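Colleague: Hi! Could you walk me through this one? I'm new to reading structures.
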Amino acid sequence: CSSDLATKKELFRVPLSYGSKEKYLTRITSDPNLTKSVATVVPRISFELIGLSYDASRKQMSTLQNFSYNTTDGLKTQYAPIPYNFDFTLSIYVRNHEDGTQILEQILPFFTPDFNVTVNFNSNMTQKYDMPIILNSASPEVDYEGDMLSTRLIIWTLDFTAKGFIYPPVKTSQNIIEQANTNLHIDTISRTSQKVFVDYANGSNYFAEEETI
């Protein structure tokens with residue numbers, strides 16, 4: 001920002017790629033002085049899926065189904081998805097603390113501690129889902145190459161959990177019930193069919209019309 005702390009002075013886009021921290025750390029530290037023209041330079045961000053686990057607390061009824069219909073494809077059905085937690089790690093590589101904190105302040109304010117993202121997991125169905133992404137922790141690490149006068153590399157590691165789903169296959173059916181006819185017959189002519197019969201001690205009888213029951 002400029003001296004008035006309100007106007008942007010410089011905007012720098014940090015590359016984001018998928019890969020393990022060890023892979024990018026090796027590529028960066030192979031040239032400690034960062035004098036070569038290489039594809040990987042700092043600052044840079046990488047992320048990696050490190051695990052997933054079944055979440056029983058979000059389990060739905062196994063017989064529950066989602067439905068989607070259009071005139072072209074007909075009726076589509078899909079059983080309830082299986083809840084899983086996906087664990088991600090995000091690594092931020094910078095040369096100094098100021099670069100690291102400026103990147104962090106663009107990420108951390110959105111997580112309190114979760115951030116909801118609307119996701120269309122399956123384009124064949126019309127349902128969308130708000131998936132919470134939880135920020136679990138953020139920790140720094142300083143890596144020195146060689147002596148204390150050599151270039152240092154600061155790595156911020158952020159751990160996230162995405163509460164997602166794994167969906168079963170979608171089934172398509174062209175047979176759909178669009179109309180149901182129900183015939184109700186009420187005898188409005190014969191009063192006999194509407195009589196209420198009762199048993200008395202001296203035989204069977206019935207109430208007369210308009211008699212209080």
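Colleague: Which residues does Arg 58 touch, not counting residues up to four places away in sequence?

Modeller: Arg 58 touches Pro 83, Tyr 84, Asn 85, Tyr 129, Lys 163, Gly 164 and Phe 165. Contact here means heavy atoms within 4.5 Å. Please keep in mind that this is a predicted model, where local features need pLDDT of at least 70 and side-chain atom pairs count only at pLDDT 80 or more, while totals for chains, interfaces and linings use all residues. Residues are numbered from 1 along each chain as its sequence is written, and side-chain values use heavy atoms, with hydrogens and water left out.

Colleague: Thanks! And where does Arg 58 lie?

Modeller: Arg 58 is in the loop between S2 and S3. Strands such as these are DSSP runs of E with at least two residues, helices are runs of H or I with at least four, and both are numbered from the N terminus.

Colleague: Does Arg 58 count as buried or exposed?

Modeller: Arg 58 counts as buried because its relative accessibility is 18%. Buried means under 20% relative accessible area, exposed means over 50%, and partly exposed is in between, using a 1.4 Å probe and protein chains only.

Colleague: What about Ser 57, buried or exposed?

Modeller: Ser 57 has 66% relative accessibility, so Ser 57 counts as exposed. Ser 57 also lies in the loop between strand S2 (44-54) and strand S3 (65-70). The side chain of Ser 57 makes a polar contact with that of Asp 55, at 2.5 Å. A polar contact is a pair of N or O atoms within 3.5 Å; within protein, one must be able to donate a hydrogen and the other to accept it, and residues adjacent in sequence count only if both atoms are side-chain atoms.

Colleague: New topic: which residues of helix H2 are buried?

Modeller: In H2 (residues 97-104), the buried ones are Gly 100, Ile 103 and Leu 104. They cover an arc of only 100° around the axis, so they sit on the same side of H2. That arc is taken from the directions from the helix axis to the C-beta atoms.

Colleague: What do those buried residues pack against?

Modeller: The buried residues of H2 pack against S2, strand S5 (82-94) and strand S8 (152-166).

Colleague: S5 again! Where is Thr 89, and which side chain does the side chain of Thr 89 make a polar contact with?

Modeller: Thr 89 is in strand S5, and its side chain makes a polar contact with the side chain of Asp 159 (3.5 Å). Thr 89 is buried, with a relative accessible area of 13%.

Colleague: Which residues lie nearest the centre of the second largest pocket?

Modeller: Those are Leu 16, Ile 45, Phe 47, Leu 90 and Phe 160, out of 14 lining residues. S5 gives the most to this lining, with 3 residues. A pocket, found on a 1 Å grid over the protein atoms alone, is an open set of points where a 1.4 Å probe fits, with protein on both sides within 12 Å along at least five of seven lines; lining residues have an atom within 4 Å of a point.

Colleague: Last one: where is the cis peptide bond?

Modeller: The cis peptide bond joins Thr 112 and Pro 113, with omega about -5°. Pro 113 is in the loop between H2 and strand S6 (114-119). Most peptide bonds are trans.
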